[in-house]
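User: I'd like to learn how to read a model like this one. Could you walk me through it?

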Amino acid sequence: MELQTWLLYLVAVIGLAFAPGPNGLLALSHGALYGRRKTLPTILGGVTGFIGVIAISMFGIGSLMMASAHVLSLLKWLGGAYLVYLGIQLWRAPAITLENKTVVDNGQLARFRQGLLAAVSNPKVILFFGAFLPQFMTPNAPLLNQFFILAVTFAVVEFCVEFFVACIAHQLRPWLQKSGQRFNRGCGTVFALLGASLPLSQ
């Protein structure tokens, strides 16, 4: 993978990691309830789940690429359209609220399992990675090397962002409840711009 492509991927992943999602919300709620140290198993469970989903998505895409040389290009355009759709949905989403959410602490393993299930139980996550990852894949490059680079980059960024969210959970909750809709619109704009620009940049 070229350095320029990886840097573009890094910037995109950082923006996406800050977008509201089940795992970010779980890290926020666990951070507020239990503190940052006890939230680490939750975050590690989510990161593990994301690596598994990335593997499923990438190797599935790799099989399609072997079947046809034009499949990757088609996936990029379809994926771009899907990202624009997600951006519109996120723009219209209401502000995040945790007022009615309660989480029972059953230990580290339970928190790890909660994070893992939050990452893998939503079928939209697989669709998302199926739309997002082809933008940065190279048909002729070894798939295993690309998986390692893309998965590790995403895992490190996701871990850092979720841990940061858990650390400032008490300060972040009131802000999200007050300005959450503007935050959602900002993240939705990022999604839509990624979807519109990434297929054209390759």
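Analyst: Let's go from confidence to fold to surface. This is a predicted model, where local features need pLDDT of at least 70, side-chain atom pairs count only at pLDDT 80 or more, and totals for chains, interfaces and linings use all residues. Residues are numbered from 1 along each chain as its sequence is written, and side-chain values use heavy atoms, with hydrogens and water left out.

User: How many helices and strands does the chain have?

Analyst: Helices (H or I, at least four residues) and strands (E, at least two) are DSSP runs, numbered from the N terminus. Here there are eight helices and zero strands. As for contacts (heavy atoms within 4.5 Å), residues 24 or more positions apart make up 89% of those with a separation of 6 or more.

User: Is Ile14 buried or exposed, or partly exposed?

Analyst: Buried means under 20% relative accessible area, exposed over 50%, partly exposed in between (1.4 Å probe, protein chains only). Ile14, in helix H1 (residues 3–17), counts as partly exposed because its relative accessibility is 36%. Across the chain's 202 residues, 43% count as buried.
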